[in-house]
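Colleague: I am new to reading protein models, and I would like to go through one with you feature by feature. Could you give me the general idea each time, and then the case at hand?

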Amino acid sequence: MIAIALLWLVILLFKSGFALKMLRLPRHECAIYSGDVTVMQPILGGDPALASVLQSNLHHLPDAHFLWLVDDDDDQGWRVTQDLQQRYPHCAITLLRYPPAPQGQNPKLFKLEQARAQVKTDWVMVLDDDATLSAASLQRMLSELDASSLVTALPYYCAAQTLPSRLLAQFVNDNAALTYLPLLPFTCPLTLNGMCYVLHRAVLERVGGFTSIMHHLTDDLALATLLAREKVNIVQSTASVQVQTSVPDFRRYGRQMHRWFLFATLLMREKSVSVNLAIFLLQGLHPLLLWLMLILTLNGGAADAAIMLGVLVLRHLALRRVQRQVSPHISSHPLLSLLSELLQPLHLLHALVNRTIHWRSRRYRIFSNDHFISR
């Protein structure tokens, strides 16, 4: 039990220590005006929080130019965006409607590529329709940007009052910083956060826009691979982006977690053996060790229980220290945090055996990152 706990502790200290090091790096002054940024947002109706999230971005980034990209058959998304455009006439909002993406093409990338010609500013941001970016986070991202790089934000989740929503938020808030940040002192980012990133328009034009990756389902992984091939640097910022998705029940929670873990398996398919080993040691082994310690504790004596209690206390303190650096808005739920980590191996197993995902109103059968069909 002691050996397992020590191994678990070494992994925790490595991840939390280097994550905190990155979060505490000094910030630079930004010389880019937010009015020089076009925010492209592919819209998909169906989430009750859509209007409030889009409205929050208008409040936070009043000088930015917004392109809201809506499907022709998405009447709900069109009503929400039209209403906001009328209520905020002082904001630069352009509504664009597009036909559904052809079979085998990523609907998000399809709309982004069609709308790319509408961008007139020097800087382009892609922001998911369930993400809210503060003015301070935008300025931090822009301060880390140059004419030959892409900067991606660090997500955290804002939970609703339902238990499934809090459990989903706990997974993201426990793992985002400890996934994206610890390896940065040693290597380039393995991928980017597709929820929020910014780059120079000329860089996007140089790589051919999104055309060459249109047939990839995981747009963030595909774009990261394309940029690496074209010698464009990916900068993982510590600027936080708040994500808010309605998760009314455990069925929706299960679908969301299934999608994320399936996407993680697609990432691992494209990486080398050494990278996959690092991913397993830092992300996959931890919950397995936690399970093993829990089983030993239930079948052991007072010494094992004391070790397990110490592990849980250290885990909570380390996570809270990192979370407070990411955002003061991240709340503490120790029991949900523990449950979230223990469920991770089950989510991975589900992703390995079931290759069909649900994405709001859409359903896809996944064969590989560049081979999927709508069902």
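Colleague: In which helix is L277 found?

Modeller: Please keep in mind that this is a predicted model. L277 is found in helix α10, which covers residues 273-298.

Colleague: How many residues of helix α4 are buried, and which are they?

Modeller: Buried means under 20% relative accessible area. Eight of the nine residues of helix α4, residues 107-115, are buried, so this helix is largely enclosed by the rest of the structure. The buried residues are P107, K108, L109, F110, K111, L112, E113 and A115.

Colleague: What should I look at in the backbone angles, and what is the phi of K231?

Modeller: Most residues other than glycine have a negative phi. K231 is not a glycine, and yet it has a positive phi of about 60°. K231 is found in the loop between α8 (219-229) and β8 (233-243), and with a relative accessible area of 70% it is exposed.

Colleague: How many salt bridges does the whole structure have?

Modeller: A search of the whole structure finds 11 salt bridges. In one of them, the side chains of R201 and D122 meet at 4.0 Å, N to O. R201 lies in helix α7 (residues 201-206), while D122 lies in the loop between α4 and β4 (123-127), so the pair ties together parts that are 79 residues apart in sequence. R201 is partly exposed at 25% relative accessibility, and D122 is partly exposed at 40%.

Colleague: Are R315 and E341, which meet in a salt bridge, buried or exposed?

Modeller: Their side chains meet at 2.7 Å, N to O. R315 lies in helix α11 (residues 302-326) and E341 in helix α12 (residues 334-353), so the pair ties together parts that are 26 residues apart in sequence. R315 is buried, with a relative accessible area of 6%, and E341 is buried as well, at 9%.

Colleague: Which residues does D174 touch?

Modeller: Leaving aside residues up to four places away in sequence, D174 touches R315, L319, Q323 and S337. D174 lies in helix α6 (residues 163-180) and is buried, with a relative accessible area of 6%. The side chain of D174 makes a polar contact with the side chain of Q323, at 2.7 Å.

Colleague: How many disulfides does the structure hold?

Modeller: The structure holds zero disulfides. For C196, the nearest cysteine sulfur is that of C30, 14 Å away, whereas a disulfide needs two cysteine sulfur atoms within 2.5 Å. C196 is buried, with a relative accessible area of 0%, while C188 counts as exposed at 60% relative accessibility.

Technical notes
Residues numbered from 1 in each chain as written. Predicted model: local features only at pLDDT ≥ 70, side-chain atom pairs only at ≥ 80, totals over all residues. Heavy atoms only, no water. Buried < 20%, exposed > 50% of the residue type's maximum accessible area, 1.4 Å probe, protein only. Helix = DSSP H or I, 4+ residues; strand = E, 2+ residues; numbered from the N terminus. Polar contact = N/O pair within 3.5 Å; in protein donor to acceptor, adjacent residues only side chain to side chain. Contact = heavy atoms within 4.5 Å.
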